[in-house]
Amino acid sequence: MQPKAASDFSRSQELGQTLRNLNRSRYPHVQNPPGCKKRASVALIIRVRPTFPDTATFDTSACGLPVESDQARLNAFFAQEWVQRGDPEVLLIKRSARKGDRWTSHIAFPGGGRDPDDKDDLAASIRETREEIGMDLEANHCLNVGNLSERIVTAWLGKTPLMVLCPFVFLQMRLDTEPLTLQPSEVHSAHWVSLRALTSPYLSNYVRSDVSGRFGRSGSDFIRPIARLFFGQVLIKGIDLIPTESIYCSSGADLLPSGPRASTFTSSVLPFLSSTKPSWEKPSQQLILWGLTLGIVSDFLRILPSCDPSKLWAWPTLSHLDYQFSIWLFTYAYRKQKLQEIESSYPASHTEAGGASGPGELDDTTFTTFQARSRKEVQDSALLEMLGGYYDRARTAVFLTLLLRIGAGSLLVAWGVRKGRKHRTPKS
């Protein structure tokens with residue numbers, strides 16, 4: 001079987017164009033807001049998997065150090081035929097389950113909080129990646145391409161800033177590396193996922209998140225149950241992940257099932273009628289990309305001309321129908337405006353260049369103009385805090401709906417009391 005021509009596979013070529021552009025100009029530094037000292041860094045690590053029957057090779061003299069510039073290394077790497085025909089992938093991890101951890105069992109990028117000994121945010125991402133998965137991002141075959149927009153992360157229903165998050169993009173240029181070494185207390189598993197899977201509209205899903213955990217540090221054991229009762233759950237769009245390669249932490253406590261299968265008549269005699277599942281088939285074991293990490297992935301996909309992340313993403317809302325309607329109504333104009341801004345950032349030839357029909361190639365001038373507009377949009381959204389305008393309107397909708405609930409409840413109670421008094425009043 002003969003390999004397909006490089007022109008049939010433009011996803012890697014487009015990625016090369018994007019990474020070269022990303023390397024030329026970096027996103028600006030975002031200062032910590034007042035009262036927030038925490039900074040965190042994550043590593044978005046990309047590699048290219050060869051398609052059959054190609055074999056991945058690493059040309060140290062052209063792609064390794066000491067080559068005179070990052071641009072020369074990128075040019076040499078993406079000039080290789082196996083790379084041009086290859087399938088780009090992103091490394092994601094699933095965090096270990098830890099009680100009290102805001103990010104427990106979440107799909108994430110390697111990374112973590114910046115330590116006082118770290119030289120800068122980039123050094124924090126390199127150190128955290130080495131500690132969590134054992135990958136050396138300063139190795140000869142790795143290249144720090146650039147960064148994505150830094151963002152101020154806040155609680156969902158509050159304006160309390162939690163931290164400044166700094167994403168950095170790395171390219172791993174060889175596949176025959178040492179296996180990853182996962183830290184059991186931090187990482188449950190690591191997964192390489194194709195960019196094609198991240199852009200598929202058929203893998204979208206919804207995640208139900210506990211609303212009581214989204215009040216920042218202001219929540220308490222008394223407030224949280226009341227919040228669950230009044231507001232329900234948060235519905236957040238996600239993506240089901242189909243990894244091309246997975247690595248699990250063999251010493252992790254949650255690697256194997258914690259107990260045997262439930263022994264019942266239906267499960268042993270009529271298993272197709274049984275609703276009992278083994279302990280390892282839990283929803284928590286699913287691989288769903290959502291939340292903050294999906295936001296970073298969307299920022300990266302937005303600077304790829306053939307990808308339109310707005311088709312894969314939906315605005316967060318609440319599970320109760322009255323809240324859903326009020327949030328939809330109060331945010332309608334804002335959402336329409338934002339979607340128009342996203343669509344306007346794509347070149348006129350977006351459909352011909354890819355879009356929903358598949359990847360294509362843009363000329364250098366159109367590509368650079370498109371990326372400049374996309375970068376400006378992503379940068380502005382980060383400086384205004386993630387989805388800040390939407391959440392401002394959603395908070396107003398939730399507050400007014402809550403007042404309507406209280407008013408309707410009061411009227412219902414008053415009507416009931418009045419009705420009861422009438423029944424108790426003796427007829428003359």
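Is Leu403 buried, partly exposed or exposed? Leu403 is partly exposed, with a relative accessible area of 43%. That value falls in this class because buried means under 20% and exposed means over 50%. The model is predicted.

## Nonpolar surface patch

Leu403 is found in helix α13. Leu403 also belongs to a nonpolar patch on the surface.

Two helices each supply at least two residues of the patch: α10 (321–344) and α13 (388–424). Which helix gives the most? That is α10, with 5 residues.

## Aromatic contacts

The count of aromatic pairs comes to 8. A pair of aromatic rings is described by the distance of the centres and the angle of the planes. One aromatic cluster is formed by Trp315, Tyr334, Tyr390 and Tyr391.

A charged side chain also meets a ring. Arg47 lies over the face of Trp192. The distance from the ring centre is 4.0 Å.

## A cis peptide bond

Most peptide bonds are trans. The bond from Phe52 to Pro53 is cis. Its omega is near 5°.

Where is Pro53 found? Pro53 is in the loop between β1 (39–49) and α2 (60–63).

Notes: Residues are numbered from 1 along each chain as its sequence is written. This is a predicted model: local features need pLDDT of at least 70, side-chain atom pairs count only at pLDDT 80 or more; totals for chains, interfaces and linings use all residues. Side-chain values use heavy atoms; hydrogens and water are left out. Rings of Phe, Tyr and Trp (its six-membered ring) pair if their centres lie within 6.5 Å; planes under 30 degrees apart count as stacked, over 60 as edge-to-face and the rest as tilted. A charge sits over a ring if NZ of Lys or CZ of Arg is within 6 Å of the ring centre and within 35 degrees of the ring normal. Patches are made of residues with over 30% relative accessible area and no salt bridge: like charges are joined within 9 Å, nonpolar side chains (Val, Leu, Ile, Met, Phe, Trp, Tyr) within 5 Å. Accessible areas come from the Shrake-Rupley method with a 1.4 Å probe; for residues, only the protein chains shown count as cover. A salt bridge is a side-chain nitrogen of Lys or Arg within 4 Å of a carboxyl oxygen of Asp or Glu. Helices (H or I, at least four residues) and strands (E, at least two) are DSSP runs, numbered from the N terminus. Buried means under 20% relative accessible area, exposed over 50%, partly exposed in between (1.4 Å probe, protein chains only).
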